[in-house]
Amino acid sequence: MATGWIAPLGPEVDAFEAELAAYAGREHAVALSSGTAALHLALLTMGIGPGSVVLTSSFTFAATTNAITYTGATPVLIDADAEGAISIELLARAIEDQRAKGADLRAIVPVDLLGHVVNHEAIAELAEASGLRILSDAAESFGAVHSGRPSASFGEAAAVSFNGNKIMTTSGGGALLTDDGDFAQHVRYLATQARLPVLHYEHKDIGYNYRLSNLLAALGRAQLERLPAMMERRRQLRLAYKALLADVPGVTFFAQPDGADGGVDHDNFWLTSILIDPAVAGVTRDQLIAHLSGHNMESRPLWKPMHAQPVFQHLDSYVDGTSDRFFEQGVSLPSGSVLTDEEVARVLDTVGDFFRAAA
Ligand SMILES: *Cc1c(COP(=O)(O)O)cnc(C)c1O
């Protein structure tokens, strides 16, 4: 504030972009007002619009599907595999089927759900074989590593989010990451009201006001420094939950590679989520949520899939019941990195009591 750089641009934005690109293993980063804005402008930059069809994961937060819809394109929804990622098998079937119907297929938007990075190698192979582009929705996976690479380094471009609920935050914000300088430049141009570089404000395209403010970029730089410590704190909590619930029948951990088995890949430990099979456990995820809520502790069901949402249920979808089951059985446990040791102990006791009472 003291420097006077209160405008939505300035040296903190430039520095944040450079640090983000370095962290994510990319040539370019464009800091934006949200992850949704990053998805929207990336799709526009890929030339996606009315008449285009975009394949995406049904098991996601609405922002992914919303962004595709903003461009005038039509989303096609693909169910999840056993790990919650877009199913390669259903994706291949959808490409074949949509092509047979004459759809103008353009791109795949895979989603790193709950910080778990998708199988980018298989998706890239399929995309290449069918001439499709890849925009990675890495909104939830900043900090995660797949095949030894940062999550946002995959795809032609990747969108990340710094919303208040994500692993690191600028209170609200996001970024577009890519190795293509022209791509980044076009996103930056659209995000700045498509203002041409002349003094008198000349415009030949419709633009958007989507840049991140300089003040929030300063917050982002401080958060980025703390990211490794925040991830480690959440990793410890993950390991404590795993120890606590290892032998509870009917409870499984939602696919979350944590490197504990010596592997190099890990998610970002953003949330620890479990599936409760009521037929085996004798309790439901709603009962656990109610029990925790009774002790003033917040937990949440996993995302309700898009093919089951009133606003999107008319869309073409390729589903086999997997994400419906995740929604019915899944719950994200208290996972915040600001929880004190005492609070963590209280949460673990409360979760443990619930399953002991059920046994
Ligand atoms: C949070 C989120 C977004 C959108 O990010 P915002 O910064 O909130 O606009 C997009 N996709 C997924 C999967 C998300 O979880």
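**Overall count.** I started with the secondary structure and found 11 helices and 14 strands in the protein chain. Next I checked the radius of gyration: 21 Å, close to the 21 Å that the globule rule gives for 359 residues, so the chain is as compact as a globular protein of that length. I kept in mind that this is a predicted model.

**Box, burial and surface.** Along the principal axes, the C-alpha atoms fill a box of roughly 70 × 60 × 40 Å. I then looked up burial, and 52% of the 359 residues count as buried. The accessible surface comes to about 15400 Å², with 54% of that belonging to carbon and sulfur atoms. For contacts with a separation of 6 or more, I noted that 69% are between residues 24 or more positions apart.

**The eight-stranded sheet.** I traced an open sheet of 8 strands with mixed pairing, in the order S1-S9-S8-S5-S4-S2-S3-S13. Strand S1 (28–32) and strand S13 (317–318) are at its edges with a single partner strand each, so one side of each has no neighbour in the sheet. Helix H1 (residues 11–24) packs on this sheet, where it touches S1 and S9, and its direction makes about 130° with that of S1. Helix H2 packs on the sheet too, touching S1, S4, S5, S8 and S9, with its direction at about 160° to that of S8.

I also looked at one antiparallel pair here: strand S8 (residues 157–161) and strand S9 (residues 174–178) are joined by 5 bridges. In that pair, Ala 157 stands opposite Thr 178 of S9.

**Strand S2.** How many residues of strand S2 (residues 52–57) are buried? I found 6 of the 6, so the strand is largely enclosed by the rest of the structure. I then followed its partners. S2 runs parallel to strand S4 (residues 104–109), with 5 bridges between them, and it runs parallel to strand S3 (residues 74–78), again through 5 bridges.

**Helix H3.** From S2 I moved along to helix H3 (residues 62–70), which makes a right-handed β-α-β unit together with S2 and S3. Which residues of H3 are buried? My list is Ala 63, Thr 64, Thr 65, Ala 67 and Ile 68. The elements that cover the buried residues of H3 include helix H2 (35–45), S2, S3, S4 and strand S5 (133–137). Just after H3, I noted that Gly 72 takes a positive phi of about 95°.

**The four-stranded sheet.** My last stop was an open sheet of 4 strands, ordered S10-S11-S14-S12, with antiparallel pairing. Its edge strands are S10 (251–253) and S12 (300–301), each pairing on one side only.

Which strands does helix H9 (residues 285–294) lie across? I found strand S11 (272–276), S12 and S14, with H9 running at about 25° to S14.

Terms used. Residues are numbered from 1 along each chain as its sequence is written. This is a predicted model: local features need pLDDT of at least 70, side-chain atom pairs count only at pLDDT 80 or more; totals for chains, interfaces and linings use all residues. Side-chain values use heavy atoms; hydrogens and water are left out. Two strands pair if DSSP finds at least two bridges between them. Helices (H or I, at least four residues) and strands (E, at least two) are DSSP runs, numbered from the N terminus. Contact means heavy atoms within 4.5 Å. Axes are lines fitted to C-alpha atoms, for helices over the stretch in contact, and angles run from 0 to 180 degrees between N-to-C directions. Buried means under 20% relative accessible area, exposed over 50%, partly exposed in between (1.4 Å probe, protein chains only). A crossover is right-handed if, with the strands pointing away from the viewer, the path from the first strand over the helix to the second runs clockwise. The radius of gyration is taken over C-alpha atoms; the globule rule is 2.2 Å times the number of residues to the power 0.38. Accessible areas come from the Shrake-Rupley method with a 1.4 Å probe; for residues, only the protein chains shown count as cover.
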